[in-house]
Amino acid sequence: MRIALDYEPGVTSALVARHGGRPEMLIQILHGVIEHFSFVPEAAIRQLAEELNLSRADVHGVVSYYDDFRTEAPGKHIVKICQAEACQAMGSRALTQHAKETLGIDLHETGGDITLDPVYCLGNCACSPAVMIDGRTYGRVSEEKFDELIGALNDTAAGNLD
Ligand code: FES
C-alpha cells in the first residue's frame, strides 16, 4: 500500500544534490520524487526546472512522456494490468475491460482507494495475463481471480482480515 505524502521541497533539493545538480539526471531525480511522494506534484516540476536550470516545459515534457511519472496522487492501492504482447495473447485486453467496469474507472484513473494503470511486461510472461497489485505480481489472472484480489484489498481496507 502506498500513500502519497505532503510535498516537501527539501526532499527534492536533496535528490537534486545527490545527482550533482545535473540536468541530464532529471529522469533519475524524478524516479526519486515518485519513490518518495508517489507522484510528481506541480511544485516539484517548478522546483526542478529552477534547480536544474531547465524550462518548466522541459520538465513537463519528460514527466508527461513516461507513464510512471504520474502528476496526481494515486489511491492507496495501485493495480497494474500488463498490456504487453504475451499477456494480450492470453486475454489481458478483456481482463482490462473487466477491471475498468468492475472498478468504474479507466486506465490512469483513481477510484476510491484504487488506481488502475497499464504496465508493459512484468517479467511474468509465462504466467500471462499478469497483474501487479501494490508491487506484488500475480499470474494467470482470470476475471474471477481479479475480483478476489480486489475483494481482498477492500476487506483489508475495512479491517476484515479474519
Ligand atoms: S507480457 Fe505480460 S508479463 Fe510479460
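Hi everyone, two housekeeping remarks before we look. Residues are numbered from 1 along each chain as its sequence is written. The model is predicted, and local features need pLDDT of at least 70, side-chain atom pairs count only at pLDDT 80 or more, while totals for chains, interfaces and linings use all residues. When I say helix or strand, I mean DSSP runs numbered from the N terminus: H or I with at least four residues for helices, E with at least two for strands.

Let's start with the sheet. It is open, has 5 strands in the order β2-β3-β1-β4-β5, and its pairing is mixed. Here two strands pair if DSSP finds at least two bridges between them. At the edges are β2 (109-111) and β5 (136-138), each of which pairs on one side only. On average, neighbouring strands are turned by 25 degrees against each other, direction ignored.

Now, in which sense do β1 and β3 pair? Strand β1 (residues 77-82) and strand β3 (residues 114-119) are parallel, over 6 bridges. His 77 has Ile 114 in β3 as its bridge partner, and Cys 82 stands opposite Val 119 in β3. On the other hand, β2 and β3 pair in the antiparallel sense over 3 bridges. There, Gly 111 has Ile 114 in β3 as its bridge partner. The hairpin of β2 and β3 has 2 residues between the strands, and Gly 112 in it takes a positive phi near 60 degrees.

Next, what sits against the sheet? Helix α6 (residues 92-103) packs on it, touching β1, β2 and β3, and the direction of α6 makes about 150 degrees with that of β1. For angles, axes are lines fitted to C-alpha atoms, for helices over the stretch in contact, and values run from 0 to 180 degrees between N-to-C directions.

That brings us to the largest nonpolar core, which has 15 residues; Val 79, Ile 81, Ala 130 and Val 131 touch the most other members. A core is a set of buried Ala, Val, Leu, Ile, Met, Phe, Trp, Tyr and Cys residues joined through C-beta atoms within 7 Å. Buried means 20 or more other C-beta atoms within 10 Å of a residue's own, exposed means 12 or fewer, and partly exposed is in between, with C-beta atoms placed from the backbone. Two or more residues come from each of β1, α6, β3 and β4 (131-133), and β1 gives the largest share, 4 residues. Beyond its neighbours within four places in sequence, Ile 81 has contacts that include Leu 95, Ala 99 and Val 131; contact means C-beta atoms, placed from the backbone, within 7 Å. Apart from this core lies another, of 13 residues, including Leu 30 and Phe 39.

Over to the helix pair. The axes of α1 (residues 9-18) and α2 (residues 26-37) come within 9 Å and cross at roughly 145 degrees. Val 11, Thr 12, Leu 15 and Val 16 in α1 meet Ile 29, Gly 32, Val 33 and His 36 in α2.

Finally, a few loop details. Ser 128 and Pro 129 are joined by a cis peptide bond, with omega about -10 degrees, and Pro 129 is in the loop between β3 and β4. His 108, in the loop between α6 and β2, has a positive phi of about 70 degrees although it is not a glycine. Why does His 108 count as partly exposed? Because it has 13 C-beta neighbours inside 10 Å.

Technical notes. Contact = placed C-beta atoms within 7 Å.
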